[in-house]
Amino acid sequence: MTTTDAGTAVRGGGRARTGSWPAALPLLAFMALAFGIPALALLLGAFTVRDPQTRLSSFSTANVVESLRGAYLTTLLSSVRLSALVAVAGAVLGTLLAQAVVTSRFRALRESVLTASGVLANFGGVPLAFIWIATLGNSGVVTTALGLGSGVLYNFWGLALVYMYFSVPLMVLVVTPALDGLRPQWREAAHNSGATTWQFWRHVGVPVLTPALLGGVVLLFGGAFAAYATAAAMVGSTVPLVTLQIADALTGDVLIGHENIALALSLDMIVIAVLVMAVYLPLQRRSSRWLR
């Protein structure tokens, strides 16, 4: 190929890449309508304060400041603690289950576990709350059979247990490809060099899996942090959560005239979610190198 031909090819490739943008315009337009406009409305509402007497609106940071004080801050921190607990515990249990599946000799077991994990990872909301209430609620089957009494499920730890129901399967789906990426040659080379199983995992396995594991923890944290329907149906206001606080403020069932503070709380959640994704995406790109 001559220099002229190469230049023509490069220019042709550039035109091909440039010409692909119109195909993405419908998707970009949909994202602007579905995400951009609500985000803009939320941002404007979070920084808008209305005088109750004159009914005049003005730009202020009062709502954001108020969302980080008192009961609002308590709900935000409670959500962070719950999400962190679910993320760490779910990551540990999910990784152990995924490792057992990957090392199993039975292909049917692997396929059944991964299929079930795909279903359970997306199972939540009111049906999930109903299942656990019927099992460990005040009149649940297990509660009645074992005489556990009341208060087993409707607290912080009970809600964390329910969240684990969909967090562990999600972690299985996230970490299984990374475990498959651990090449058998690495283990054989380590054993031929005299390394023990513990040394292999310490110096080879864990460093390779660390990006995927941390990425899974971040993903589980985000899922638990944004969950609403399950907690609303199961614990109500018993456990202070920021999502329940936002719902109360928006509907006016408990808090009246706090709509803009609810928007400020939503903005706080968006900031935390952005920080979570800022950690997750680089880790995910790094771990993908080991799956090639």
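The report below takes helices, then cores, then a serine, then ring pairs.

**Helices and annotated spans.** This is a predicted model. The unreviewed UniProt entry annotates "transmembrane region" at residues 25–49, 82–102, 114–134, 154–179, 212–235 and 261–283. In the model, residues 82–102 are 100% helix and 0% strand, with end C-alpha atoms 29 Å apart. Residues 114–134 are 76% helix and 0% strand, and their end C-alpha atoms lie 26 Å apart. Helix H2 spans residues 21–46 and has a kink of about 35 degrees, centred on Ala 32. Buried residues in H2 include Leu 42, Gly 45 and Ala 46.

**Nonpolar cores.** The largest nonpolar core has 28 residues. Leu 179, Phe 221, Phe 225, Val 242, Ile 246 and Ile 272 have the most contacts inside this core. Two or more residues come from each of H4, H8 (156–180), H10 (197–226), H12 (242–251) and H13 (259–288). Another core, of 22 residues, lies apart from it; among its members are Leu 82, Leu 153, Ala 160 and Ala 227. Leaving out residues up to four places away in sequence, Leu 179 touches Thr 95, Ala 98, Gln 99, Val 102 and Leu 209.

**Ser 79.** Ser 79 sits in helix H4 (residues 70–102). Is Ser 79 buried or exposed? Ser 79 is buried, because its relative accessible area is 3% and the cut-off for buried is under 20%. A polar atom of the Ser 79 side chain lies 2.8 Å from the backbone nitrogen of Val 242. Beyond four places in sequence, Ser 79 touches Phe 225, Pro 240, Leu 241 and Val 242. Of these contacts, Phe 225 and Val 242 are named among the residues with the most contacts inside the largest core.

**Aromatic pairs.** The whole structure holds seven aromatic pairs. Two of them are tabulated here.

| Ring pair | Centre distance | Plane angle | Type |
|---|---|---|---|
| Trp 132 and Tyr 165 | 6.1 Å | 90 degrees | edge-to-face |
| Phe 156 and Trp 157 | 5.4 Å | 85 degrees | edge-to-face |

Why does the pair of Trp 132 and Tyr 165 count as edge-to-face? The planes stand at 90 degrees, and angles over 60 degrees count as edge-to-face. Trp 132 lies in helix H6 (residues 126–136) and Tyr 165 in helix H8, so the pair ties together parts 33 residues apart in sequence. Trp 132 is buried at 14% relative accessible area, whereas Tyr 165 is partly exposed at 28%. Ring pairs also link Phe 123 with Trp 132 and Tyr 165 into a cluster. In the other tabulated pair, Phe 156 is partly exposed at 23%, and Trp 157 is exposed at 61%.

Conventions
Residues are numbered from 1 along each chain as its sequence is written. This is a predicted model: local features need pLDDT of at least 70, side-chain atom pairs count only at pLDDT 80 or more; totals for chains, interfaces and linings use all residues. Side-chain values use heavy atoms; hydrogens and water are left out. Helices (H or I, at least four residues) and strands (E, at least two) are DSSP runs, numbered from the N terminus. Buried means under 20% relative accessible area, exposed over 50%, partly exposed in between (1.4 Å probe, protein chains only). A polar contact is a pair of N or O atoms within 3.5 Å; within protein, one must be able to donate a hydrogen and the other to accept it, and residues adjacent in sequence count only if both atoms are side-chain atoms. Contact means heavy atoms within 4.5 Å. The bend at a residue is the angle between axes fitted to the seven residues ending there and the seven starting there. UniProt positions are given in the numbering used here, feature names are shortened, and annotations may be inferred rather than shown by experiment. A nonpolar core is a set of buried Ala, Val, Leu, Ile, Met, Phe, Trp, Tyr and Cys residues joined through side-chain atoms within 4.5 Å. Rings of Phe, Tyr and Trp (its six-membered ring) pair if their centres lie within 6.5 Å; planes under 30 degrees apart count as stacked, over 60 as edge-to-face and the rest as tilted.
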